[in-house]
Amino acid sequence: KLDEAESLYQRALRIFEKSLTRDHPNLVICVENYADLLRQMGRDGEADELEKVHTSNFTLRTSWRVCR
C-alpha cells in the first residue's frame with residue numbers, strides 16, 4: 001500500500017509542479033504529505049531532500065492538508 005501511495009504522490013507532485021506556483025498551498029501540502037510518507041517508509045534522507053528542494057520559498061503548513 002505504501003508503494004502505491006508513493007506513486008500517487010509522485011504523480012500528484014509532477015502535476016502540481018507543472019500547473020501551480022512554487023508557493024501554492026496545494027503544492028506545499030503535497031510536498032509535506034509525500035515527505036511524511038517517505039519518513040513512514042524509513043526514508044528520512046529522501047524526505048529531508050524533498051522538503052529542502054521544494055521548501056526554499058515557503059513554510060510548510062502542518063495543520064492543513066489536501067493532497068491525501
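Predicted model: local features only at pLDDT ≥ 70, side-chain atom pairs only at ≥ 80, totals over all residues.
I took residue numbers from 1 along each chain as its sequence is written, and side-chain values from heavy atoms, without hydrogens and water. Local features needed pLDDT of at least 70 and side-chain atom pairs pLDDT 80 or more, while totals for chains, interfaces and linings used all residues.

Entry 1, H3. I took helices as DSSP runs (H or I, at least four residues), numbered from the N terminus. In H3 (residues 44-54) I found Ala47, Leu50, Glu51 and His54 buried (under 20% relative accessible area, 1.4 Å probe, protein chains only). They lie on the same side of H3, because their arc around the axis is only 95 degrees (taken from the directions from the helix axis to the C-beta atoms). Gly45 and Lys52, on the other side, are exposed (over 50%).

I looked up what the buried residues of H3 pack against, and found helix H1 (2-19) and helix H2 (25-40). Contact here means heavy atoms within 4.5 Å.

The axes (lines fitted to C-alpha atoms over the stretch in contact, angles from 0 to 180 degrees between N-to-C directions) come within 7 Å and cross at roughly 165 degrees. H2 and H3 are therefore roughly antiparallel (angles over 145 degrees). I noted Val31, Tyr34 and Arg39 among the H2 residues that meet H3. The contact of H2 with H3 has six nonpolar residues, one polar and five charged (Ala, Val, Leu, Ile, Met, Phe, Trp, Tyr, Cys and Pro count as nonpolar, Asp, Glu, Lys and Arg as charged, the others as polar).

Key:
Helix = DSSP H or I, 4+ residues; strand = E, 2+ residues; numbered from the N terminus. Parallel < 35°, antiparallel > 145°, perpendicular 65-115°, else oblique.
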